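Visitor: I am new to this structure and would like to learn how to read it. Could you walk me through it, feature by feature?
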Amino acid sequence: MLGRIDHVGYIAADLEQGVATFTERLGAEVVRRFERRQFSLVGVYLGAEGGNIEVFSFTEPELLAARTGGRALALDHVAYEVADMRATEETLRAQGIGFCGPDLRDELTEAVDLGGVLHIWTRPATCSGVALQLMQRVVSLTLAAE
């Protein structure tokens, strides 16, 4: 059901300090920056293969404080590619796993398309305390239909 690991996500109390941990201390290169306003999310992809490390933060101070729990930088989630998002969601929902956005606030009933890639996150309380990001590139849906 789960494919290859796409990236590992770290939450940072201060985005630029979090990025510096990987660039200055560990030699990773910045690949691209992003903003997802609907989730109050900003972030940076670093490393190999188009960015296999994600460092992100939230623009809402209350949400950021709740998610970081006073930590400067913390492992938050692992993102996996899936071949069939809908089937994966159905299988996991049948096991009692709930889904949300990266802000962990609202329940998601289906994956969201963010720049040509479908995304959904497991709600940790329903998934053994683990946040997993599931991803399916929309391009693969188009190719499969041809």
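Visitor: Where should I begin? Which residues have the most contacts inside the largest nonpolar core?

Guide: Welcome! Keep in mind that this is a predicted model. To read a core, look for buried nonpolar residues joined through their side chains. Here the largest nonpolar core has 14 residues, and Met85, Phe99, Ile120 and Leu134 have the most contacts inside it. At least two residues of this core come from each of β5, α3, β8 and β9. The biggest share is that of β5, which gives 3 residues.

Visitor: What does methionine 85 touch, leaving aside residues up to four places away in sequence?

Guide: Methionine 85 is in contact with Ala111, Leu118, His119, Ile120, Leu134, Met135 and Gln136. There is also a second, separate core, with 13 residues, including Phe34, Tyr45, Leu63 and Leu114.

Visitor: Let's turn to helices. Which residues of helix α3 are buried?

Guide: When you read a helix, ask which residues are covered and where they sit around the axis. In α3, which spans residues 85–94, the buried ones are Met85, Thr88, Glu89 and Leu92. Looking down the axis of α3, you find these buried residues within an arc of 100 degrees, so they line one face of the helix. The face turned away from that buried side carries Arg86, Glu90 and Ala94, which are exposed.

Visitor: What do the buried residues of α3 pack against?

Guide: Their partners are four strands: β5 (73–82), β6 (99–100), β8 (117–122) and β9 (132–137).

Visitor: And what can I see at the ends of α3?

Guide: At the start of a helix, check for a side chain that reaches a backbone nitrogen. For α3, a side-chain oxygen of aspartate 84 comes to within 3.3 Å of the backbone nitrogen of arginine 86. Past the other end, just after α3, glycine 96 has a positive phi of about 90 degrees.

Visitor: Strands next, please. How many residues of β4 are buried?

Guide: For a strand, look at which way each side chain points and whether it is covered. β4 is mostly covered, with 6 of its 6 residues buried. Ile53, Val55 and Ser57 point one way, while Glu54, Phe56 and Phe58 point the other way, and all are buried.

Visitor: Do its neighbours run parallel or antiparallel to β4?

Guide: One of each sense is found here. β1 and β4 run parallel, joined by 4 bridges, and β3 and β4 run antiparallel, joined by 6 bridges.

Visitor: How do β2 and β3 pair?

Guide: They are antiparallel, with 6 bridges. One of the pairs joins arginine 36 to leucine 41 in β3. The hairpin of β2 and β3 has 4 residues between its strands, and serine 40 there takes a positive phi near 55 degrees.

Visitor: Is serine 40 buried or exposed?

Guide: Serine 40 is buried, with a relative accessible area of 9%. Not counting residues up to four places away in sequence, serine 40 touches Ser57, Phe58, Thr59, Glu60 and Arg105.

Visitor: Last topic: how many disulfides does the structure hold?

Guide: A disulfide is a covalent bond between the sulfur atoms of two cysteines. This structure holds 0 disulfides. For cysteine 100, the nearest cysteine sulfur is that of cysteine 127, 10 Å away.

Conventions: Residues are numbered from 1 along each chain as its sequence is written. This is a predicted model: local features need pLDDT of at least 70, side-chain atom pairs count only at pLDDT 80 or more; totals for chains, interfaces and linings use all residues. Side-chain values use heavy atoms; hydrogens and water are left out. Buried means under 20% relative accessible area, exposed over 50%, partly exposed in between (1.4 Å probe, protein chains only). The arc is that of the directions from the helix axis to the C-beta atoms. Contact means heavy atoms within 4.5 Å. A polar contact is a pair of N or O atoms within 3.5 Å; within protein, one must be able to donate a hydrogen and the other to accept it, and residues adjacent in sequence count only if both atoms are side-chain atoms. A nonpolar core is a set of buried Ala, Val, Leu, Ile, Met, Phe, Trp, Tyr and Cys residues joined through side-chain atoms within 4.5 Å. Two strands pair if DSSP finds at least two bridges between them. A disulfide is a pair of cysteine sulfur atoms within 2.5 Å.
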